[in-house]
Amino acid sequence: MVRTLLLVLALAALLAVAAATPATARADDGNDVRVTRSCTAGSAVRLRVRERHDDLLRVDVDLRATRRDTAWIVTVVHERRVALRATRRSTAGSRSLSVRVAIPDWPGRDTVTVRALGPRGEICRAVATLVDDVEDAG
């Protein structure tokens, strides 16, 4: 009985660690990356990063929470620099919220990380990396 309990606790701890690790995706064509990741308490986050024509990256974050009318702190980091930190609330009639931001498209690889902190300490995290076409050719 104790052995079974320890096995169940070890499995639960392993699943919690796996859920907290970031999801990383790299664009195949260099100009559009989409990442969907489950959060620690059942919500889901979708990160989309794409190149724009005027040397900008467009970052879209869509979060689907497990409960309605909840506040989330959303942080977008571009190359280890905070590009946006905002508090967003899902509406009473919906469990979704969205954030959009434009950031500079620097030469070489661009790594964008999104982290959302929700109610009761729920954490969502996803990472996307875009690679310039010039780098792919070299």
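A search of the whole structure finds one disulfide, a term used here for a pair of cysteine sulfur atoms within 2.5 Å. The model is predicted, so local features need pLDDT of at least 70 and side-chain atom pairs count only at pLDDT 80 or more, whereas totals for chains, interfaces and linings use all residues. Residues are numbered from 1 along each chain as its sequence is written, and side-chain values use heavy atoms, with hydrogens and water left out.

A disulfide is a covalent bond between the sulfur atoms of two cysteines. In this model the partners are Cys-39 and Cys-124, with their sulfur atoms 1.9 Å apart. Cys-39 belongs to the loop between β2 (32-38) and β3 (44-51), while Cys-124 belongs to strand β9 (residues 123-130), so the pair ties together parts that are 85 residues apart in sequence. Strands (E, at least two residues) and helices (H or I, at least four) are DSSP runs, numbered from the N terminus. The link of Cys-39 and Cys-124 is right-handed, with 110° about the S-S bond.

Both Cys-39 and Cys-124 are buried. Buried means under 20% relative accessible area, exposed means over 50%, and partly exposed lies in between (1.4 Å probe, protein chains only).

Asp-69 is not a glycine, yet has a positive phi of about 55°; Asp-69 sits in the loop between β4 (56-64) and β5 (71-78). With 40% relative accessibility, Asp-69 is partly exposed. Glu-79, also not a glycine, has a positive phi of about 50° and is placed in the loop between β5 and β6 (81-89). Glu-79 is partly exposed, at a relative accessible area of 28%.
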